[in-house]
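Colleague: I am new to this structure and would like to understand the terms used for it. Could you take me through them?

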Amino acid sequence: MQSLLTNVKTEEIGVDLSKVVDRVSKQYDRPDVAFQKEAVQNSWDVREAKRDGTDWLFKLYEYREDDKKVHIVVEDFGTKGMNKDRWNGFSSLWRPKKEIDDAGGKGQGKFVLMNASREHVLFVESVSDDTGYICKFLQDGKKSGDADNLQISKYIPGTKPLEHKGSKIWVYDVREDFQKTLHSKEFVSSIMECWWQVLGPRFNGKISLFDKEIVYNPLPTPTEETTLFENHQVEGFGRIKRLCLGFYADKVPVAFDGVMVQRANMMVTKVPFEVHDKEYQGRFSGYIEFDETLEKELKEIERND
């Protein structure tokens with residue numbers, strides 16, 4: 001590792017995690033999908049406008065330091081930024097302190113962000129009403145101290161400190177294979193599939209990938225549409241907020257084929273809608289949403305992929 005990073009003053013999080021990043025990341029079938037879910041989740045959770053996505057923007061882009069070193073940057077707008085509690089939650093990794101409606105799980109997703117870096121290094125800049133500007137360092141089981149506020153330009157030449165409220169995460173010296181994956185059509189599709197509800201007319205949030213906004217293309221008007229459940233109590237579990245299903249004149253895109261299970265406005269998995277008649281196969285699309293109790297249960301068993 002370069003001496004520039006080695007000289008960052010750090011403190012141990014509490015356990016040696018030097019090999020855990022790779023081990024945890026290998027659990028995911030699609031590390032790139034887990035990466036975008038974790039990054040977007042962290043941003044969407046702390047948006048300023050909780051009722052919708054007004055002024056919320058999530059950006060993923062590259063910062064090319066030289067011919068050999070490229071950093072991936074995720075930056076958000078229209079969010080609260082990280083105060084002391086949110087930074088401690090983000091950096092604690094295993095059991096971050098989160099708000100009750102946060103989409104993230106137990107913090108293992110941070111390993112996916114780290115794994116995209118050759119050295120497992122993250123720099124985090126944030127501006128919040130509580131703390132003003134902070135710049136922190138995170139690597140495996142180490143983080144910069146609470147009293148330390150780094151200068152981002154010292155470690156990534158040519159950069160200026162974050163000036164707007166929100167957060168910016170630098171995935172330092174990204175792996176070349178991961179960088180290529182982020183430029184694939186499949187990666188774009190995964191964002192649309194996971195965040196269709198956020199990007200759609202219900203919230204009107206915005207996600208930008210390499211300076212190009214991802215445009216939500218809604219499904220056509222269904223031939224038939226029904227709400228099967230609304231505010232339906234499931235005895236001993238919780239409440240189904242709504243279960244909607246639509247039937248379409250033509251086959252729907254694969255990303256929307258079946259019933260999408262939503263949690264905190266993110267699609268976490270799909271349940272196939274199986275019909276035996278070939279004429280009707282692939283023409284059903286719907287979604288299901290749950291109350292806070294059932295969302296907590298989902299959160300306990302959910303992985304980011």
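Modeller: Gladly! Let us start with strand β7 (residues 166–171): 6 of its 6 residues are buried, so the rest of the structure largely encloses it. This is a predicted model, in which local features need pLDDT of at least 70, side-chain atom pairs count only at pLDDT 80 or more, and totals for chains, interfaces and linings use all residues. Residues are numbered from 1 along each chain as its sequence is written, and side-chain values use heavy atoms, with hydrogens and water left out.

Colleague: What makes a run of residues a strand, and what makes a residue buried?

Modeller: Strands are DSSP runs of E with at least two residues, helices are runs of H or I with at least four, and both are numbered from the N terminus. Buried means under 20% relative accessible area, exposed over 50%, and partly exposed in between (1.4 Å probe, protein chains only). In β7, G166, K168 and W170 point one way while S167, I169 and V171 point the other way, and all are buried.

Colleague: Why is C194 called buried? And C244?

Modeller: C194 has 3% relative accessibility, so it counts as buried. C244, with a relative accessible area of 11%, is therefore buried as well.

Colleague: Which strands pair with β7, and how do you know?

Modeller: Two strands pair if DSSP finds at least two bridges between them. Strand β3 (residues 70–77) is joined to β7 by 4 bridges and runs antiparallel to it; there, V73 has W170 as its bridge partner. Strand β4 (residues 121–128) pairs with β7 over 6 bridges, also in the antiparallel sense, and S126 stands opposite S167.

Colleague: Why is the pair of W44 and F203 called edge-to-face?

Modeller: Rings of Phe, Tyr and Trp (its six-membered ring) pair if their centres lie within 6.5 Å; planes under 30 degrees apart count as stacked, over 60 as edge-to-face and the rest as tilted. W44 and F203 are 5.4 Å apart centre to centre, with 90° between the planes, so the pair is edge-to-face. W44 lies in helix α3 (residues 31–45) and F203 in the loop between α8 (185–199) and β8 (206–209), so the pair ties together parts 159 residues apart in sequence. Both W44 and F203 are buried.

Colleague: How confident is the predictor in the chain?

Modeller: The pLDDT, which is the predictor's confidence in each residue from 0 to 100, has a mean of 87 over the chain, and 85% of the residues reach 70 or more.
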